[in-house]
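Good morning, and thank you for coming. Please look at the sequence and the structure as I show them, and keep both in view while I speak.

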Amino acid sequence: MLIRSILLACVIAGPLFADGFEQAIDNVGTRTVRLYGLKAGLSAGYGSGTIVSDDGMVVTVMSLLLDSERLRAVTHDGNVYGAKLLTADDDLQLALLQLNPLPRYNARGERAPDPPSGPGAFQYFKPGDSKRLFPGEWVIAAGNPFKVAEGLEQVSVTRGVFSARTDLDAKRKARDFPYQGEVLVIDAITSTPGTPGGPLVDLEGNWVGIVGRLVISNRTHTNFNYAIPVEVVQQFIDRYRNPDSAATDLIAENNVEPYHGIKLFEMGYQKDLVYVERVKRGSPAHQARIRKDDLIVSINGRKIADIDAFHRVMRTKSPGDMIDVSVIRKNKLVNTTITLEEPR
Amino acid sequence: MTKTIRTILLAIVVTGPTLAGDEGLELQRAHQRVFRSAIEHAARYTVQIETVGGAVPRGVISDLDFGPTSEVPLDDGMPNMEEEDGMPKEADQPNPFQDTLGSDFVVADGPTTGIILSADGYIITSSFNFVRNPTHITVRLSDDRRYVADLIASDKVRKLALLRIDADNLEPAEWVAPGSIQIGQWAIALGRGFGGSQPSVTIGVVSARNRMMGNAVQTDAKLSPANYGGPLIDVEGRVLGICVPMAQRPGELAGVEFYDAGIGFALPKNRVDAITDELKYGESIYRGWLGIRFSRRPMDGLLIVGVANPSPMFELGIRPGDKIISANGKELNSAQHLVQSLYMVPAGEPVQVVVRKGRFEYGFEPLLARAVDLGPLVTQPDPDPWKPFPVNRSNKWPK
């Protein structure tokens, strides 16, 4: 009798101990799709996507996979849909897909009933708030790394913490990665084939980002585990939905450098270092007391490693901008502010 | 009795799932709160280091670090001489003993991480962060104040480096007593290597203690160039150790290949204390060498075919033809084995070796030397061999 009660208790109570991640795992489990397409060359032929509307819109990362004519998406309940590319953004490296039912036939050639589609057919993520994440908070990412999930199996889930928020400075296959905006760095390993495109959620299951493509960080030369913040993803979706009102908030890079009056030492042995060779009298730099032989090490808190970096940063500035410049002069760090002027 | 138990079980059945779910979520929220306060505390003594100038080192890899030998390979156990114009070529060859980086990892030039060691401006960090040999170093404190830093000295064996900035009244890190570190306790690694104004965070547990010849704490928190030189902290924000790349072989970059793999190492307080005085005097610590070359034929065992002159071994009378039997009390069966037992012993520190000369075995205690202090290889056996006193097998010195 006693044993029967214990057994009964176990059966009914199910998980007697819940560790607190149930909601998050349930959310990513039901709202992540596995993508399959043609395998071509180095592309893996599979990936992950995140459902963002109740009628089956899916956000994923750009990849060769999306060029497949027969792109398929499999939901958590094993239903197979066709996926049509709605739009993609090269700068964000994001793509938006629409899931549509595929006509399916069984072995006798009879058409099988379509899986649910249309408004209300899908469980989906509403955008959360990635700005509220604090380093050290739990995060859960989901996707189909190495396409280990098949058939009715759910996607793979990995747990880690949110590490940091930083701008992306990375390479992909030896070329600069186009997206250079803010990313959420995480300590779960998501730099695996098939994981990018899946969702990142916090402990409570709020959607905070999309796992980004495989890149190598320029700062550390290591594989980088990160997610594109949900705010950026949402902007991308909104731009598709209301193409007219879309505000292009990308910083236009001027081709002309505003006037500062600094001539750099561009010849010779240490040509990489940003040494000031001459400062034009009366120029903005002269007023800011920049001197000959100063070594410029940072502008607005960002490191200036070489002369290229100096010009690259300057081209993003406009006349009238004030920039904080740090220089090393006689082994002391000196900070000053230059007010840029019209190019001349 | 039975009835009581049944009632209790029933209670679990009814209230169990919902209550446990909320408790689980509360538990994880509590974890997050604890992590957060530890991180906020430790962020104050975690600094960002930026370097300018320097370059990726060349010749980063050498078979000396991996191959069956370390203290220098040889193809056939014969002197490596190629006759050219009637002149032996060996004299022109560079010193065969050279400190190498031990990995082909290409070091980036992004920011790195350090820990405030003392209120008067000493910063402890990893020598990994200066492999590019930069011309200028700056340190940014957590309150964004920036200073030019001097690299005082570095320990290339334990991968530590000491910086000095011209600042007072800094808030130094608080360290955990090494003896109280428990396997399985939370371990949080902080780094400034990804940029930004706050440290990046990775979390794991202490996986093992006394790794790397008793030097390091092992953790499964993800360590990488983003946090080498930074602190591994406990849930109270105190330093368990300073994160460094490490592997069981010499080389300043050895171990970087484990980055983000869940196998990371940190040096606790006592290992840092053991060398900071030396570093403060500006004395760097280098890889230690015996200065001997072994035969490559496996049947020869640890047969010496070349000894650098000068070198610690040459001065003690060891010559080609002798064999090494054991090092630091460990019986050896290959040259690789010898390297593995010495990779944490820097130049200047003693090693106990037992050497077979002819029919007898002798114990020696040479001080390892820096590669630059070793002379050219002597490959000829001594025509008039010096015969040291025989010692007994218990490694005791003769009276």
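I shall speak about chain A and then about chain B.

First, some conventions. This is a predicted model, in which local features need pLDDT of at least 70 and side-chain atom pairs count only at pLDDT 80 or more, while totals for chains, interfaces and linings use all residues. Residues are numbered from 1 along each chain as its sequence is written, and chains are lettered from A and ligands numbered from 1 in the order in which they are written.

Let me begin with confidence in chain A. The term pLDDT is the predictor's confidence in each residue, from 0 to 100. For chain A the average pLDDT is 87, and 89% of the residues score at least 70. In residues 6–14 of chain A, however, the pLDDT is below 50, and this stretch has 10 contacts in the model beyond near neighbours in sequence. A contact here means that the C-beta atoms of two residues, placed from the backbone, lie within 7 Å. Residues 246–252 of chain A also have pLDDT under 50, and for them the model has three contacts beyond four places in sequence.

Now the overall build of chain A. How many helices and strands does chain A have? There are five helices and 23 strands. Both are DSSP runs numbered from the N terminus: helices are H or I with at least four residues, and strands are E with at least two. Of the 344 residues in chain A, 41% are buried. A residue is called buried if 20 or more other C-beta atoms lie within 10 Å of its own, exposed if 12 or fewer, and partly exposed in between, with C-beta atoms placed from the backbone. Among the contacts in chain A with a separation of 6 or more, 61% come from residues 24 or more positions apart.

Chain A is assigned two domains: domain 1 covers 22–103 + 117–241, and domain 2 covers 262–339. These bounds come from an automatic or database domain assignment. The C-alpha centres of the two domains of chain A are 40 Å apart.

Strand β22 (residues 322–329) and strand β23 (residues 332–339) of chain A pair in the antiparallel sense over eight bridges; two strands are said to pair if DSSP finds at least two bridges between them. Within this pairing, A:Ser326 stands opposite A:Asn335 of β23(A). Two residues lie between the strands of the hairpin, and A:Lys330 takes a positive phi near 50° there.

I turn to chain B and its barrel. In which order do the six strands close into a barrel? The order in chain B is β9-β10-β11-β14-β13-β12, with antiparallel pairing. On average, neighbouring strands of this sheet are turned by 45° against each other, direction ignored. Strands β13 (residues 239–244) and β14 (residues 264–267) of chain B pair over three bridges, and B:Cys243 has B:Ala266 in β14(B) as its bridge partner. The loop between β13 and β14 of chain B holds B:Asp260, whose phi is near 60°, a positive value in a residue other than glycine. Is B:Asp260 buried or exposed? B:Asp260 counts as buried because it has 21 C-beta neighbours inside 10 Å.

A second residue of this kind is B:Lys159, with a positive phi of about 60° although it is not a glycine. B:Lys159 is found in the loop between β7 (146–155) and β8 (160–165) of chain B, and it is buried because 29 other C-beta atoms lie within 10 Å.

Another loop of chain B, between β3 (87–88) and β4 (112–116), contains B:Asp99. Why is B:Asp99 classed as partly exposed? The reason is that B:Asp99 has 19 C-beta neighbours inside 10 Å. B:Asp99 and B:Gly251 are 152 residues apart along the chain, yet their C-alpha atoms are separated by 7.0 Å.

Finally, consider helix α5 (residues 335–342) of chain B, where B:Ala335, B:Leu338, B:Val339 and B:Leu342 are buried. Seen down the axis of α5(B), these buried residues fall within an arc of 100°, so they line one face of the helix; the arc is that of the directions from the helix axis to the C-beta atoms. They pack against β15 (292–294) and β17 (323–327) of chain B.

That concludes my presentation.

Technical notes:
Axes are lines fitted to C-alpha atoms, for helices over the stretch in contact, and angles run from 0 to 180 degrees between N-to-C directions.
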